[in-house]
Amino acid sequence: MMLDSFHYNYYLTINSFGFYRKRAGVCFTADMITGVCGKRFNKPHRFKSCTSGNSIVRVVLLSPFLLSTTALLIFLTAIIVGVFTEQEWFHMLEAIGWLIPINFALVNLTPYLSTFVKEKCVYFDREKQKVSFTLDIPHCTERDEFGNCCFDYSEINLRYQRVYTNEYGAMTYAPIISHKDGQKFPKAKITAIVNENGRTPIECLMLFEDIRRFMDKSKPLPESPEYEGFRHLDPVTAEHDKVIGRPASYWSEMSLEQQLEIANKIYEPIYELNEEFPKKPLPEMKEPWKHWKPDGKKGEGEGLKHEILLIAMQLFTAKPM
């Protein structure tokens, strides 16, 4: 199903300006985890990228976590069984002790290894009105400056479809980004990532509206932390911000907690709509500095408690971030 006009007008992506950090917990290679797309397209004023849900990069990042978590559960189960059956279980504590340095190594090695894997993604170029795929696409004749196959934005189709996740009929909705001529370019297609357990199509529709709004050069970039620090590089946005007197560093003066609070307030009417389209478009957020004053914590995260929990997860389950 297609949605051809702006109904939801929800574009706020929290804390994007702090995404390329050098460390996360005990992961000192955290900035590598964004992959090739994240590194190349760290120009939010020009590029918006969507990663494929079945990209091998995700497999590389998740495999150590799944294997380590499985091993930890086996060791803990053996300890519990041993306690109640009077079997030897102390050696399992030793195994868990060995798991910690192994996980420390995996947490730092995995992001590095992910940079060697070709990432499946599609990226939208606001400046040139092009859409590129990091895939091998037969019959594609046009290449962008990075050597990837690209098409005019007008040739791209945005739709969603129902996806059954298991044999019992559990269903979710997946956003599809593809070329309109599916017969000529069948491989120019990516299933993007939104909420993997979504039971309604709203998040797919909001993704598409976000893409369409981003590619609309007649309007400035949306008012969102995603574009903080880059707005002046887009001519239309720079002129707009100058006219209205927008503060240069509005979102970056906020803590993550405050951004989440604002996001929840904006999302609330959309969530209440569920699958129903509004009879008239919801208003787009404009000049939020007139409604919310930054708390001055400059993008701070969730504090010491969150840091300790992350480190524990990394050392016991090899969770990278």
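This briefing covers the fold, core, cavity and one glycine of a protein chain.

The model is predicted, so local features need pLDDT of at least 70 and side-chain atom pairs count only at pLDDT 80 or more, while totals for chains, interfaces and linings use all residues. Residues are numbered from 1 along each chain as its sequence is written, and side-chain values use heavy atoms, with hydrogens and water left out.

**Fold and surface**

- The protein chain has seven helices and seven strands; helices (H or I, at least four residues) and strands (E, at least two) are DSSP runs, numbered from the N terminus.
- Read from the N terminus, the order of elements is α-β-α-α-β-β-β-β-β-β-α-α-α-α.
- Of the 321 residues, 43% count as buried, meaning under 20% relative accessible area with a 1.4 Å probe, protein chains only.
- Among contacts (heavy atoms within 4.5 Å) with a separation of 6 or more, 68% join residues 24 or more positions apart.
- The chain exposes about 17700 Å², of which carbon and sulfur atoms supply 60%; accessible areas come from the Shrake-Rupley method with a 1.4 Å probe.

**Nonpolar core**

- The largest nonpolar core has 44 residues, and Phe124, Phe133, Ile137, Phe151 and Ile177 have the most contacts inside it.
- At least two residues of this core come from each of strands E2 (121–125), E3 (130–133), E4 (149–152), E5 (156–164) and E6 (171–179), and from each of helices H4 (202–215) and H6 (256–273).
- H4 gives the largest share of this core, nine residues.
- A nonpolar core is a set of buried Ala, Val, Leu, Ile, Met, Phe, Trp, Tyr and Cys residues joined through side-chain atoms within 4.5 Å.

**Cavity**

- One cavity of 30 Å³ or more is found in the whole structure; a cavity is a set of points, on a 1 Å grid over the protein atoms alone, where a 1.4 Å probe fits but cannot get out.
- The largest cavity has a volume of about 60 Å³, volume being the space filled by probe spheres set on the points, which are joined across faces, edges and corners.
- Its lining (residues with an atom within 4 Å of a point) consists of Asn9, Tyr10, Tyr11, Leu12, Pro222, Glu223, Ile266, Glu284 and Met285.
- The lining of the largest cavity divides into six nonpolar, one polar and two charged residues. Here Ala, Val, Leu, Ile, Met, Phe, Trp, Tyr, Cys and Pro count as nonpolar, Asp, Glu, Lys and Arg as charged, and the others, Gly among them, as polar.

**Glycine 82**

- Glycine 82 lies in helix H2 (residues 56–85) and is buried, with a relative accessible area of 2%.
- Not counting residues up to four places away in sequence, glycine 82 touches Gln87 and Trp89.
- Methionine 92 is 10 residues from glycine 82 in sequence and 9.7 Å from glycine 82 in space, C-alpha to C-alpha.

Methods. Buried means under 20% relative accessible area, exposed over 50%, partly exposed in between (1.4 Å probe, protein chains only). On a 1 Å grid over the protein atoms alone, a cavity is a set of points where a 1.4 Å probe fits but cannot get out, and a pocket is an open set with protein on both sides within 12 Å along at least five of seven lines; lining residues have an atom within 4 Å of a point.
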